[in-house]
There are 4 protein chains.
Amino acid sequence: MKALVLEKKDELNLRDFPAIDRVEETLGPRDVRIKLHTVGICGSDVHYYTHGRIGPFVVNEPMILGHEASGTVIEVGAEVQTLKTGDRVCMEPGIPDPNSRATLLGMYNIDPAVRFWATPPVHGILRPTCVHPEAFTFKLPDNVSFAEAAMVEPLAVGVHAATKARVKPGDNAIVMGAGPIGLVTALAALAAGCARVYVTDLAAKKLEIAGSLSDAITPVDVSSENIVDIVKRDTDGWGVDLVFEATGSPHAARTVFEPLCPGGCVVMIGGQPDPIQYDAGAAMVREARVENIFRYAHVFPRCVGMLSSGAIDVKPLITRTFDFSDSVRAFEIAASAPPADVKMQIVLLQ
Amino acid sequence: MKALVLEKKDELNLRDFPAIDRVEETLGPRDVRIKLHTVGICGSDVHYYTHGRIGPFVVNEPMILGHEASGTVIEVGAEVQTLKTGDRVCMEPGIPDPNSRATLLGMYNIDPAVRFWATPPVHGILRPTCVHPEAFTFKLPDNVSFAEAAMVEPLAVGVHAATKARVKPGDNAIVMGAGPIGLVTALAALAAGCARVYVTDLAAKKLEIAGSLSDAITPVDVSSENIVDIVKRDTDGWGVDLVFEATGSPHAARTVFEPLCPGGCVVMIGGQPDPIQYDAGAAMVREARVENIFRYAHVFPRCVGMLSSGAIDVKPLITRTFDFSDSVRAFEIAASAPPADVKMQIVLLQ
Amino acid sequence: MKALVLEKKDELNLRDFPAIDRVEETLGPRDVRIKLHTVGICGSDVHYYTHGRIGPFVVNEPMILGHEASGTVIEVGAEVQTLKTGDRVCMEPGIPDPNSRATLLGMYNIDPAVRFWATPPVHGILRPTCVHPEAFTFKLPDNVSFAEAAMVEPLAVGVHAATKARVKPGDNAIVMGAGPIGLVTALAALAAGCARVYVTDLAAKKLEIAGSLSDAITPVDVSSENIVDIVKRDTDGWGVDLVFEATGSPHAARTVFEPLCPGGCVVMIGGQPDPIQYDAGAAMVREARVENIFRYAHVFPRCVGMLSSGAIDVKPLITRTFDFSDSVRAFEIAASAPPADVKMQIVLLQ
Amino acid sequence: MKALVLEKKDELNLRDFPAIDRVEETLGPRDVRIKLHTVGICGSDVHYYTHGRIGPFVVNEPMILGHEASGTVIEVGAEVQTLKTGDRVCMEPGIPDPNSRATLLGMYNIDPAVRFWATPPVHGILRPTCVHPEAFTFKLPDNVSFAEAAMVEPLAVGVHAATKARVKPGDNAIVMGAGPIGLVTALAALAAGCARVYVTDLAAKKLEIAGSLSDAITPVDVSSENIVDIVKRDTDGWGVDLVFEATGSPHAARTVFEPLCPGGCVVMIGGQPDPIQYDAGAAMVREARVENIFRYAHVFPRCVGMLSSGAIDVKPLITRTFDFSDSVRAFEIAASAPPADVKMQIVLLQ
């Protein structure tokens with residue numbers, strides 16, 4: 001089998017990639033070797049394909065894509081304790097420096113030394129096998145499929161956001177944005193205790209999917225409806241407890257405080273290349289708390305547990321599946337606008 | 001209509017109670033008058049009936065029972081803003097001193113001045129109408145029935161416990177005890193984000209009900225199974241994130257730390273008349289946090305929201321319903337041991 | 001004695017004010033009557049004097065100024081329990097609706113119904129006596145002077161900010177701005193556990209005062225020094241744990257994240273009339289928490305305790321004292337720019 | 001130079017210890033080699049000397065004592081970035097497994113794999129040099145002496161306790177026990193924001209030292225005074241916000257809730273070999289939070305910062321100093337009862 005290599009902007013090839021084979025010969029005592037099964041296509045993968053860079057991360061050399069992955073353990077290092085050959089697993093794509101200050105403090109996701117799959121110069125895992133640390137590889141129960149397991153990575157963003165928000169049971173929330181991250185955030189917010197989640201967007205098709213996920217989700221088309229009026233009406237004028245900003249749009253970001261209740265919390269998820277407008281006055285009269293989040297930490301096994309127990313169901317988000325041999329075409333479709341799919345996945349083994 | 005009056009230990013009558021009528025003539029500017037609809041029978045009501053006291057609270061004079069209630073607003077005070085005649089509501093049974101230090105700090109449930117229904121010398125609400133402050137009366141959406149609404153009071157205990165526990169999405173928990181409070185705590189813990197809840201008890205019948213509530217609940221009969229072994233096996237030896245003690249048994253209470261993970265939290269819900277054994281060494285090596293809870297605060301509207309959105313379903317817990325005219329018999333059945341029901345309710349209006 | 005009346009913008013008179021006398025005849029059962037002793041001059045008092053308004057609050061009718069006050073109880077209501085005639089006290093100037101949702105939740109400072117001294121249309125207390133609720137009147141120990149007690153109000157802003165910041169022992173902090181609020185915030189941050197507080201400003205005189213308050217305060221003149229370089233050098237590149245924005249300058253506010261450590265907290269204290277620039281990218285890579293604060297809640301008795309025990313010393317901030325008969329002149333001086341004083345106070349009784 | 005070796009219970013020798021020399025030949029890329037300067041004598045060192053064990057930790061082979069240490073870096077590994085030869089440092093004595101679940105979560109102190117100096121079978125550092133990871137070695141500013149730096153280890157217990165307590169500025173606290181840990185906890189609680197700390201003990205001499213440390217400390221001799229009465233009188237019947245149990249006495253531990261205010265926190269510091277009596281009823285009516293702590297995590301650099309800035313002064317606790325050549329005698333004195341000293345230290349270099 002081959003690897004899906006982004007040679008440079010706009011050029012993808014499914015081809016041999018000998019360099020990786022050599023790296024993977026080394027299995028440390030606390031590493032496992034994994035045969036990849038399913039890999040989801042993330043917006044960042046597509047962005048590298050179409051733009052050749054994301055912010056400061058530039059594709060200067062051929063790079064293998066893919067970081068949302070599940071597979072099967074095929075070899076374990078000498079000191080590995082929790083995994084064995086044959087275990088079905090999913091993998092956390094970012095590996096921090098275990099001795100860094102941020103990691104020791106429990107915030108490994110914001111360790112500047114993190115090496116993250118498919119972020120230059122680190123290769124991704126659209127390839128036959130990989131070597132990964134046991135500590136970032138998580139065993140799957142029988143009732144979690146490879147496809148669901150490859151959804152753990154995007155789901156982790158939503159679950160991390162809900163964790164940092166410190167959702168209290170019965171909170172009402174707004175999730176701004178009905179893209180893949182908005183949808184997993186809405187599912188995570190509900191699983192974390194929200195009574196109701198308003199999902200806002202401008203695209204009717206996305207809102208339709210959002211609304212289909214749960215009776216507790218109220219889709220709101222902000223091109224025609226006023227979200228502040230709606231939540232004030234539904235909450236006796238109090239406002240929602242939580243606002244999750246998942247659009248990355250500066251226009252949306254400037255409106256986060258208006259629908260928020262006194263003492264409420266705003267969670268900034270969507271990346272913003274430029275400074276945004278911040279309504280400090282509106283934030284102050286509510287004593288709003290603002291949490292800014294970056295990827296996730298400690299939530300992969302939690303996501304697996306929630307998928308297994310039924311607390312969260314991500315299957316409706318997996319809208320299309322491709323064979324690995326078709327993966328270049330999969331990226332071409334993913335790069336076409338507007339995408340008709342929530343999440344597309346590539347299956348390496350069947 | 002009449003009131004259900006506990007004359008003294010072991011003596012209940014459904015009879016006129018003129019004193020209440022006189023009190024209820026006064027409707028303050030921020031009060032509402034409510035026609036009662038459904039009232040649940042709580043273990044404490046039954047305990048007053050069978051023992052004439054609970055700890056320092058002694059029934060020295062005839063007292064109306066009942067504190068789990070829903071009804072309809074029939075009159076509103078001059079300054080009432082959020083409610084109007086005809087609104088279907090449920091009511092929080094404890095009214096604090098609004099100027100006390102604990103209340104101002106947001107902890108009105110532990111204000112020593114709280115007046116709580118059916119706690120001597122305060123009358124309960126198994127009676128036709130009551131006058132109640134707007135601030136502790138909560139409007140019901142159309143899709144929440146009076147029966148469900150009368151479950152909000154016991155549910156609030158579980159939701160408060162889950163709130164104080166600060167459940168994180170994907171936590172695993174044990175709820176010790178499958179009585180009514182254990183069951184609402186299990187439902188609340190799941191709604192608050194738990195992936196899996198182990199419910200322990202000695203009674204097979206109760207465990208069967210517990211297990212029927214959700215696939216994410218694992219009933220464990222601790223007369224034949226070792227809960228520590230089970231959770232260690234399921235969590236790679238790590239333990240559960242949360243233990244809710246809802247038995248009130250000193251024997252159970254002394255075992256709370258053993259199945260707990262490092263950094264985990266124990267929530268003490270069940271009342272204990274005497275000091276219990278506390279394994280400080282086991283608590284320390286885990287740096288356990290222990291939260292001790294008393295009733296609830298701020299959660300009634302949250303419970304209503306979760307019943308309405310489907311986040312929590314209490315209907316399976318309502319196992320028997322009596323007409324108000326039958327309420328003495330209802331208490332006789334409730335007082336018979338072992339009770340075959342989770343929650344019995346009395347309906348005043350139909 | 002007379003009252004200090006702001007007739008309208010730019011016009012102050014020390015004169016009889018009969019309307020107040022009539023209001024003060026009513027002493028509720030939980031109120032106390034207080035003879036005022038010392039009243040501090042706040043920037044907001046001066047702003048009403050020089051501009052006739054602050055944001056939406058407009059002086060449309062003559063209004064008595066002053067809200068930083070201490071005095072002596074001269075009469076108590078029938079139900080008052082913690083105070084008696086002769087008690088020396090300080091008073092919290094904002095009185096919320098005790099039944100509002102925000103107040104019940106423990107956040108009375110953000111109750112929209114708060115009535116706050118010297119905020120139109122509510123009169124201030126540069127007058128002989130006032131009537132105030134017991135719950136917002138705090139007894140002074142013998143070793144806290146009237147002058148110190150009149151500093152509790154501004155100090156409360158700093159202590160509330162430090163409380164919301166959740167200072168951990170040994171934190172390093174920046175306080176941006178060396179005005180009166182910046183200085184009380186620096187003192188509060190140190191008392192709350194900071195090891196070191198960098199105070200930044202452009203005015204050498206203010207920085208000199210800041211530096212004189214404690215060896216643990218490092219004044220930084222940001223007109224000539226780079227605060228980011230300084231804290232990175234002092235912290236091995238890690239950054240400070242906390243940034244308190246107390247300038248109210250939009251220019252300063254846009255720089256809050258740069259010196260902040262991973263997982264750090266920014267507290268927005270300074271009011272901002274317009275939206276500010278928010279560097280979402282810098283906030284995200286640090287997973288910064290942002291707390292926006294509004295006045296204070298629950299901290300007056302805490303401030304009194306810290307003044308009494310010596311944990312905080314505000315005496316160096318009281319730089320000038322005027323007799324009440326001189327109070328018009330005091331405001332004229334306070335309104336002259338640049339003010340040479342940190343805090344000026346008016347003494348009504350001696 | 002030699003090492004101080006506990007051959008077995010009751011037998012100490014200052015002698016050559018070749019095994020250690022061999023281990024120390026290996027300097028990893030992220031390790032530093034340190035020449036020891038000052039080492040404090042801890043109660044646990046003395047306990048191993050007099051009893052040969054502490055709980056499950058048994059001295060089966062000769063073991064070097066000592067874990068409260070400061071010294072000078074004499075060699076650095078190839079990848080060390082924050083330290084260089086000649087740096088004066090103090091060292092954290094417990095080294096966790098960097099890849100364990102507890103460590104990744106930021107709770108390395110409760111990682112079962114921690115290797116802790118002078119805890120069998122790990123040797124302590126009453127020896128000329130040691131090799132230690134950079135991540136657990138902390139540079140000293142010029143104004144922190146070696147003697148103060150060797151106090152960071154016990155101080156860290158108090159600072160960790162105050163951190164877990166989440167002290168708010170102006171809290172009132174009780175520290176039960178005026179031994180070395182009680183005293184550092186009192187200092188830490190004050191530095192963390194307490195307005196007043198009551199220190200209780202039965203020994204007049206210890207209380208005298210406690211009272212001499214700060215005007216904000218009130219020593220209370222519980223053999224003759226009732227601490228509950230005192231705090232109720234001082235707080236209008238409210239109680240203290242925090243109770244730190246630092247005696248390790250089961251009798252003291254059973255009384256922790258009585259003086260506590262509604263919503264207060266108890267921190268269990270003192271080790272308890274057997275289960276203690278826990279007054280669940282008293283804990284519940286207050287909704288007490290209980291934090292159980294084990295050693296410390298993340299606080300060494302914070303302690304160094306607070307010693308440097310003057311936020312905490314530990315010098316009064318260092319009551320006697322011995323030359324290394326005298327260290328056997330130092331332990332004999334430390335083992336004699338009752339000890340007249342708070343902290344005795346051994347100086348290896350001068």
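Predicted model: local features only at pLDDT ≥ 70, side-chain atom pairs only at ≥ 80, totals over all residues.
Biologist: How many salt bridges does the rule find across the interface of chain A and chain D, and how should I read one?

Modeller: The rule finds 2 salt bridges there. To read one, compare the distance from nitrogen to carboxyl oxygen with the cut-off of 4 Å. In this structure, the side chains of Asp97(A) and Arg30(D) meet at 2.6 Å, N to O, so the pair counts as a salt bridge under that cut-off.

Biologist: What area do chain A and chain D bury between them, and which three residues of chain A supply more of its share than any other three?

Modeller: Between them, chain A and chain D bury about 1,100 Å², with 59% of this on carbon and sulfur atoms. Arg30(A), Asn99(A) and Leu104(A) supply 45% of the area that chain A buries against chain D, which is more than any other three residues. As for the residues taking part, the contact draws 12 from chain A and 12 from chain D.

Biologist: Where do the domains of chain A lie along its sequence, and what lies between them?

Modeller: The domain assignment gives domain 1 as 2–151 + 314–347 and domain 2 as 157–292, and their C-alpha centres are 29 Å apart. In the contact between them, 5 residues of domain 1 of chain A meet 8 residues of domain 2 of chain A. The side of domain 1 that touches domain 2 has 4 nonpolar residues, 1 polar residue and no charged residues.

Biologist: Turning to chain B, what is the strand order of its open sheet of 3 strands?

Modeller: In general, strands of a sheet pair through backbone hydrogen bonds, either parallel or antiparallel. Here the order is S2-S1-S6 in chain B, with antiparallel pairing. Strand S2 (11–15) and strand S6 (63–64) of chain B are the edge strands, each pairing on one side only. Strand S1 of chain B, residues 3–8, pairs with S2(B) over 5 bridges, and Val5(B) has Asn13(B) as its bridge partner in S2(B).

Definitions and conventions. Residues numbered from 1 in each chain as written. Chains lettered and ligands numbered in written order. Heavy atoms only, no water. Domains from an automatic or database assignment. Contact = heavy atoms within 4.5 Å. Nonpolar A, V, L, I, M, F, W, Y, C, P; charged D, E, K, R; others polar. Pairing = 2+ DSSP bridges. Helix = DSSP H or I, 4+ residues; strand = E, 2+ residues; numbered from the N terminus. Buried area = accessible area lost by both parts, 1.4 Å probe.
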